[in-house]
Each structure stands twice: as structure tokens, then as C-alpha cells.
Amino acid sequence: MRPAPPTISERAFQAQVIAAAEAMGWLCYHTHDSRRSAPGFPDLIMVRGYRMIALELKVGRRKPTPEQLVWLAALRDVWQVDALWARPEDWDSLMELLKRE
């Protein structure tokens with residue numbers, strides 16, 4: 001039995017997150033071609049004021065790779081950086097994070 005496909009693609013989810021973040025004043029960065037980048041670097045880096053969020057996005061049953069978890073853990077240790085991963089069902093929590101001062 002195959003798992004049901006995700007109801008939204010990671011690309012579409014990412015576009016929604018970026019649009020919402022930019023509407024709230026966040027500066028967003030995404031590497032469009034990561035083949036020459038360090039493995040595991042988060043999908044999005046978002047900065048507003050003194051805060052930065054490093055965000056890895058997943059849909060369906062996908063989970064972060066070990067390399068992604070290493071990057072998130074390293075970034076999480078930096079003062080005032082939120083480093084996490086999120087799925088579409090985490091939308092409300094993600095929006096609350098983006099709204100925080």
C-alpha cells in the first residue's frame with residue numbers, strides 16, 4: 001500500500017510561507033540551486049530586525065535528513081535564531097512565530 005501523496009508540494013508550501021513572511025516584513029532567502037551548496041542547509045533563511053529564522057520545509061511524511069538536522073541544531077545554538085522545520089499543518093504555529101517581535 002502506497003502512502004497518499006502530499007496535498008501540497010514543498011515548492012507551493014514554500015511559496016506560501018515566503019509570501020506570508022514578506023507580507024509581515026521578513027527578508028527571505030532561498031538557494032534556488034543547492035547542488036553546489038553544503039548538504040543539508042535549510043530551505044529558508046528569514047530575517048526581520050534582530051531575529052533570524054532558519055526553516056526547513058517538509059510535506060507529507062518526509063522528514064529532515066541527518067545533514068539537515070545537523071544544520072538546524074547548529075543554527076539553533078546561535079543566540080536569537082529560530083531553527084526548525086515545518087509542514088503545511090504547522091501553518092498556524094509558523095504564522096505565530098513570524099508575528100513575534
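Biologist: Is the crossing of H1 and H3 left-handed or right-handed?

Modeller: A crossing is left-handed if the near helix is turned anticlockwise from the far one by less than a right angle, and right-handed if clockwise. Here, the crossing of H1 and H3 is right-handed. This is a predicted model, in which local features need pLDDT of at least 70 and side-chain atom pairs count only at pLDDT 80 or more, while totals for chains, interfaces and linings use all residues. Residues are numbered from 1 along each chain as its sequence is written, and side-chain values use heavy atoms, with hydrogens and water left out.

Biologist: At what angle do the axes of H1 and H3 cross?

Modeller: Helices (H or I, at least four residues) and strands (E, at least two) are DSSP runs, numbered from the N terminus. Axes are lines fitted to C-alpha atoms, for helices over the stretch in contact, and angles run from 0 to 180 degrees between N-to-C directions. The axes of H1 (residues 10–23) and H3 (residues 91–99) cross at roughly 30 degrees and come within 11 Å. Angles under 35 degrees count as roughly parallel, and H1 and H3 are therefore roughly parallel to each other.

Biologist: Which residues of H1 and H3 meet?

Modeller: Contact means heavy atoms within 4.5 Å. From H1, Phe13, Gln16, Val17, Ala20 and Ala21 meet Trp91, Leu94, Met95 and Leu98 of H3.

Biologist: Which residues are buried in H3, and which are exposed on its other side?

Modeller: Buried means under 20% relative accessible area, exposed over 50%, and partly exposed in between (1.4 Å probe, protein chains only). Leu94, Met95, Leu97 and Leu98 of H3 are buried. They cover an arc of only 155 degrees around the axis, which puts them on the same side of H3; the arc is that of the directions from the helix axis to the C-beta atoms. Asp92 and Ser93 are exposed on the other side of H3. The cover over the buried residues of H3 includes H1, strand E2 (44–48), strand E3 (51–57) and strand E4 (81–86).

Biologist: Which residues are buried in H2?

Modeller: In H2 (residues 66–76), the buried residues are Gln68, Leu72 and Leu75. Their arc around the axis is only 70 degrees, which puts them on the same side of H2. These buried residues of H2 pack against E3 and E4, whereas the face turned away from the buried side carries the exposed Pro66 and Val70.

Biologist: Where is Ala54 placed, and what does Ala54 touch?

Modeller: Ala54 lies in strand E3 and is buried, with a relative accessible area of 0%. Not counting residues up to four places away in sequence, Ala54 touches Pro42, Leu44, Ile45, Leu72, Leu75, Asp82, Ala83 and Leu84.

Key
Angles under 35 degrees count as roughly parallel, over 145 as roughly antiparallel, 65 to 115 as roughly perpendicular and the rest as oblique.
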